[in-house]
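Thank you for coming; I would like to walk slowly through a few places in one structure. Please keep the picture open while I talk.

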Amino acid sequence: MKPVVITAGWLVVAADQSPRPGWELRVDGGKVDALGPAGTLARPGDQVVDATRAVVMPGFINTHHHMYGMLSHGIPVRVPPSGFSSFLEDFWWPQVEDRLTRELLRAAAGLAAVEMIRSGVTTFSDILEAPYSLPGALAAQAEVIEGAGLRGILSFEATERAGPEVAEAALRENYDFARAAGSGQVRGMMCVHTTFTCSVPYLRRARRLAHELGSGIQLHLSESAYEPRVCRERYGLEPVELYDSIGFLDSGVLASQCVKLTDRELDILAARGVRASHMPLSNCEVGGGIAPVPELLARGVAVGLGTDGYINNFFEVMRGAFLIHKARLEDPQVMPARTVFDLATRGGARALARPELGRLTPGSPADLVVVDGNLPTPITGTNLFDQLVLFRNPADVLSVMVDGRFLMQDGRLLTIDEAGARAALVSAARAFWGLDHD
């Protein structure tokens with residue numbers, strides 16, 4: 001690929017730096033090569049892209065996705081769940097996860113990739129639970145994601161809920177995929193579900209495998225009051241206290257949800273260097289509650305944002321994070337737009353233990369997004385993050401680049417057939433829902 005110079009109306013290097021009007025960046029060899037005022041970087045033979053009416057910024061990082069959730073959007077629910085455990089046991093497990101096949105996973109991953117690119121997401125971490133799609137489920141997803149050109153971390157949610165054979169196969173799926181994927185653009189990671197679907201010996205074994213791989217491990221943590229209640233009944237401990245008592249927690253752990261945590265648990269997570277993923281919208285959908293994200297940030301915990309496979313419009317997720325904590329704490333100064341943008345970029349990079357991502361500095365991977373800056377009110381250096389977080393949408397994402405390669409340019413997807421991906425999911429969903437074909 002020839003070097004590319006993108007001249008921006010506004011260049012966002014990172015959330016912790018002032019936006020730079022009229023600057024450009026040069027991309028070479030998949031990396032950011034240089035930054036400078038407009039007209040100073042282009043060399044003979046460079047491709048020059050005019051984005052002077054746009055904002056050029058780091059790509060978003062979705063730290064918690066369930067791509068297979070695409071199949072369930074709007075699915076009829078015979079009996080509305082009465083609570084979180086009912087949501088899992090009466091609906092989500094039997095009607096969704098236990099019926100997934102590798103063919104369905106490919107269809108879901110295709111349109112999920114389209115949605116992520118159009119939403120400005122360049123890197124994501126996905127968790128799959130499809131107990132009867134093993135083995136080879138992660139490889140099926142990886143094939144689609146590699147073709148789309150996204151940067152991803154794929155994992156299988158290992159639990160014991162479907163019996164010992166599936167539990168063993170789930171650990172093996174994670175281990176084999178992570179080892180084979182190595183440190184490429186699509187990587188693997190060990191993953192377990194919760195303290196109420198995994199025994200202590202099983203959790204310990206998964207943690208040992210993660211240490212052996214050097215991959216880290218991710219899990220769902222206290223998504224509602226259900227897990228803490230069950231954990232206290234079984235062990236006399238809160239979930240974080242249980243994990244800490246078995247030596248599970250360290251900086252290699254990514255905990256998602258983190259909704260119902262005590263102050264002591266917050267302190268333990270911070271002390272152990274555990275990272276967190278925040279899903280402001282899906283936590284509302286299941287009636288879980290609102291995660292204490294400002295409290296986590298105050299303790300120095302690395303926090304990123306996730307869609308949870310629910311509402312995958314990343315701008316909506318940012319708006320949720322911007323608004324919901326103001327309401328919870330009755331404080332309009334909590335979670336300003338710059339902080340939220342930071343969670344969506346640098347925070348996500350830290351949460352995924354990929355500190356080289358989430359910023360556009362010389363030497364960093366060229367993962368960037370070009371967003372239309374043609375708003376009805378002016379962009380200034382002091383309101384740019386508010387304008388992006390509150391008043392932009394996927395329709396305003398013009399171009400997306402990952403590792404120096406355009407995945408979308410001027411609104412046109414270059415690496416994936418959007419119409420084909422949509423048609424495949426439509427067909428798969430109709431069959432999955434048991435609807436007659438027209």
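Predicted model: local features only at pLDDT ≥ 70, side-chain atom pairs only at ≥ 80, totals over all residues.

**Aromatic rings and a buried asparagine**

Let me begin with Phe 91 and Trp 92, both of which are buried, where buried means under 20% relative accessible area, exposed means over 50%, and partly exposed lies in between, with a 1.4 Å probe and protein chains only. Residues are numbered from 1 along each chain as its sequence is written, and side-chain values use heavy atoms, with hydrogens and water left out.

Rings of Phe, Tyr and Trp (its six-membered ring) pair if their centres lie within 6.5 Å, and planes under 30 degrees apart count as stacked, over 60 as edge-to-face and the rest as tilted. By this rule there are 10 aromatic pairs. Phe 91 and Trp 92 form an edge-to-face pair, with 5.8 Å centre to centre and 65° between the planes, whereas Tyr 243 and Phe 248 form a tilted one, at 4.9 Å and 45°. Tyr 243 counts as buried at 1% relative accessibility, and Phe 248 is buried with a relative accessible area of 1%. Ring pairs also link Phe 60, Phe 314, Phe 315, Phe 341 and Phe 385 into a cluster.

Phe 314 brings us to Asn 62, since leaving aside neighbours within four places in sequence, the residues in contact with Asn 62 (heavy atoms within 4.5 Å) include Phe 314 and Val 121. Is Asn 62 buried or exposed? Asn 62 is buried, with a relative accessible area of 1%.
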